Amino acid sequence: MSDAIVAEDLVKTFGDFRAVNGVSFSVDSGEIFGFLGPNGAGKTTTVRMLTGVLEPDSGKVQLHGYDLLRQRDVAKRRIGVVPELANAYLDLTALQNITFTAELYGLAGREVKHRAEELLDMFGLLDRRHDKVATFSKGMTQRVILAMSLINEPQTLFLDEPTGGLDVQSSRLIHRIIRELNEEGTTVFITTHNIAEANALCDRVAIINEGEIAAVDSPESLKATFESSRSIEVSFTEQLADFPDMEGIIRTERRGDKWRIYTRKPHDSLMQLTGFVREHPELQIETVNTRGPDLEEVFVRLTGGEM
Ligand SMILES: Nc1ncnc2c1ncn2[C@@H]1O[C@H](COP(=O)(O)OP(=O)(O)OP(=O)(O)O)[C@@H](O)[C@H]1O
Ligand SMILES: [Mg+2]
């Protein structure tokens with residue numbers, strides 16, 4: 001399989017702050033590749049370097065075999081980009097936004113209008129095509145922006161947090177379309193800080209933290225890491241000075257009025273917890289939640305750091 005994206009030792013410094021510190025990875029053609037990291041990790045800075053918006057201090061980018069710095073135009077023609085905080089032109093209609101984007105790519109004619117309408121149909125916006133984007137909801141606007149990014153039939157689509165701030169339904173629609181595009185052969189590079197999104201969509205995921213890649217792996221392998229970091233969060237009517245020793249518990253942390261219990265077996269730990277309060281009638285459980293693995297915990301495990 002050929003490489004859609006190759007990033008080689010990318011570095012970007014703002015003033016004396018190194019936002020991206022030697023990032024390397026490659027994405028196969030046909031993959032959905034997730035770029036997962038917390039706020040400020042360097043995701044957007046990396047995407048901007050991969051899409052030719054921002055010049056790296058050092059390092060190289062290849063898109064479908066073309067060097068982005070030396071063969072910029074050919075390389076860029078192969079990609080579509082949905083930037084973070086992208087916006088459509090509010091005073092233009094949905095259709096005009098897409099045909100205008102087409103003009104920027106040097107595409108014109110009847111074909112373009114046909115394709116634009118096809119895209120709007122795919123995004124469920126065909127009957128709103130003559131309405132100004134100013135009258136659209138956030139989710140609808142995001143769909144227009146996605147349609148705009150597809151007008152040049154990109155081989156690789158870059159999406160920077162495409163579902164940020166969208167409700168479940170809008171996010172699902174976008175996920176469905178990403179999958180469909182991918183099934184038709186489009187390579188997808190998506191940044192997110194949402195572990196569930198990365199798990200649901202991606203063939204492989206790179207985890208970026210403080211400008212460096214902490215891991216690149218399939219969600220399955222990452223999940224194996226996540227599995228051992230499930231936890232129970234519990235609070236009692238009385239404050240406990242120490243949490244009692246229980247079998248199978250990896251570690252406990254006090255967080256405000258709650259205890260976070262990391263465990264390999266949430267079920268067994270809950271049973272033990274029930275037993276514990278039964279033996280201490282003065283104590284009652286006030287709240288209890290089981291928590292799936294989350295990014296924060298994965299980071300603690302992968303980077304060995306504290307949050
Ligand atoms: N133009 C800039 N000037 C100065 N600092 C910048 C600039 N762009 C980004 N940074 C800094 O680089 C770091 C990484 O920012 P970046 O936008 O890449 O993070 P991110 O992973 O996309 O975060 P988020 O999830 O919040 O979008 C941040 O500390 C940010 O403040
Ligand atoms: Mg960002």
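**Burial, cores and the ligand shell**

Analyst: The model is a predicted one. In helix H1 (residues 43-50), eight of the eight residues are buried, so the helix is largely enclosed by the rest of the structure.

User: Which residues of H1 are buried?

Analyst: A residue counts as buried if 20 or more other C-beta atoms lie within 10 Å of its own. Eight of the eight residues in H1 pass as buried. They are Lys-43, Thr-44, Thr-45, Thr-46, Val-47, Arg-48, Met-49 and Leu-50.

User: Which element gives the largest share of the shell around ligand 1?

Analyst: The residues surrounding ligand 1 are Phe-14, Ala-19, Gly-37, Asn-39, Gly-40, Ala-41, Gly-42, Lys-43, Thr-44, Thr-45, Glu-84 and His-193. Lys-43, Thr-44 and Thr-45 are also among the buried residues of H1. The largest share of the shell, three residues, therefore comes from a helix as defined by DSSP runs, namely H1.

User: How many residues of the shell around ligand 1 are nonpolar, polar and charged?

Analyst: Gly counts as polar here, and Lys and Glu as charged. The shell includes Gly-37, Gly-40 and Gly-42, along with Lys-43 and Glu-84. By class, the shell has three nonpolar, seven polar and two charged residues.

User: Which residues touch the most other members of the largest nonpolar core?

Analyst: This core holds 58 residues. Its largest share, five residues, comes from helix H5 (residues 138-149), and at least three residues come from each of domain 1 (1-78 + 154-218) and domain 2 (86-152). The members touching the most others are Ile-98, Ala-147 and Phe-158.

User: Which residues does Ala-147 touch, not counting residues up to four places away in sequence?

Analyst: Contact requires C-beta atoms within 7 Å. Leaving out residues up to four places away in sequence, Ala-147 touches Ile-98, Leu-119, Leu-120 and Phe-123.

User: What covers the buried residues of H3?

Analyst: In H3 (residues 94-104), the buried residues are Ala-94, Leu-95, Asn-97, Ile-98, Thr-99, Thr-101 and Ala-102. One of them, Ile-98, is touched by Ala-147. The cover includes helix H4 (110-122) and H5.

User: Which residue just after H3 takes a positive phi?

Analyst: Just after H1, Gly-52 takes a positive phi of about 80 degrees. Just after H3, a positive phi of about 80 degrees is taken by Gly-106.

User: How far apart do the C-alpha centres of domain 1 and domain 3 lie?

Analyst: The domain assignment gives domain 1 as 1-78 + 154-218 and domain 3 as 228-303. Their C-alpha centres lie apart by 36 Å.

Conventions:
Residues numbered from 1 in each chain as written. Chains lettered and ligands numbered in written order. Predicted model: local features only at pLDDT ≥ 70, side-chain atom pairs only at ≥ 80, totals over all residues. Domains from an automatic or database assignment. Core = buried A, V, L, I, M, F, W, Y, C linked by C-beta atoms within 7 Å. Buried ≥ 20, exposed ≤ 12 C-beta atoms within 10 Å, placed from the backbone. Helix = DSSP H or I, 4+ residues; strand = E, 2+ residues; numbered from the N terminus. Contact = placed C-beta atoms within 7 Å. Near = placed C-beta within 6 Å.
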